[in-house]
Amino acid sequence: MKIIGFVYREGEKTTGKGEKEGKWTMVLKGDSCLLNGRKPLFIPDWTKELGMTPCLVLRVSRLGKEISERFAGRYYDAIAPGADFAALDLLREAQEEGSSWTPSIGFDYSLALGEWMDIQKDDVQSTKEWVMTPEKAIAEASRWMTIRQGDLIYIQAQEAPRRVEKEEIIRFAVNGEEKLYCKIK
């Protein structure tokens, strides 16, 4: 299983059509990054500043390579809310030095996964808060690598990560029903 992420980078870029959109970067995480089942996240002792960005997680439902955005909706069967954690102090250093972000974003349990839900594609596509639409994320990921059933693709919100503290509780609800719960320890 692969975990492919599209994460927000501060600033914006102009598309070929003259439209402005937030900058994003594609990242990969190992399966040990998943945190689910209402388990707590223990802040690693090697970071002084843990940050969190809300994200939307897609579950890939079939094999595909170089998928057109037009057909990408056929390649995922469920969505879940997520919380993407990063060691912000290490991330800043990596960005300044031009080195790999992996140590700061790919550590164990750095992606809290909520409950899977049926897809409401119209609702997901119409939101402007994500770095890109699910269809664009599927198309972009499959451009670089084959996606397979069971892979996860997550899309961050278009906002900078916010710092989290010990004993904080991260909760996301959909239509008043709690779908993600994660306590920071």
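What follows is a short tour of the ring contacts in this model.

## Ground rules

This is a predicted model, where local features need pLDDT of at least 70, side-chain atom pairs count only at pLDDT 80 or more, and totals for chains, interfaces and linings use all residues. Residues are numbered from 1 along each chain as its sequence is written, and side-chain values use heavy atoms, with hydrogens and water left out.

## Ring on ring

There are 2 aromatic pairs in the structure. To pair, rings of Phe, Tyr and Trp (its six-membered ring) need centres within 6.5 Å; planes under 30 degrees apart are stacked, over 60 edge-to-face, and the rest tilted.

Take Phe-6 and Trp-24: with ring centres 5.3 Å apart and planes at 70°, the pair is edge-to-face. Phe-6 sits in strand β1 (residues 3–14) and Trp-24 in strand β2 (residues 20–29), so the contact ties together parts 18 residues apart in sequence. Strands here are DSSP runs of E, at least two residues, numbered from the N terminus. Both Phe-6 and Trp-24 are buried (under 20% relative accessible area; exposed is over 50%, partly exposed in between, with a 1.4 Å probe and protein chains only).

Then there's Trp-46 with Phe-107: centres 5.3 Å apart, planes at 80°, so edge-to-face. This pair links distant parts of the chain, 61 residues apart. Trp-46 is partly exposed at 39% relative accessible area, while Phe-107, at 8%, counts as buried.

## Charge on ring

Arg-38 puts its charged end over the ring of Tyr-181, 4.2 Å from the centre. The cut-off: NZ of Lys or CZ of Arg within 6 Å of the ring centre and within 35 degrees of the ring normal. Arg-59, for its part, lies over the face of Trp-116, 5.0 Å from the ring centre.

Methods. Helices (H or I, at least four residues) and strands (E, at least two) are DSSP runs, numbered from the N terminus.
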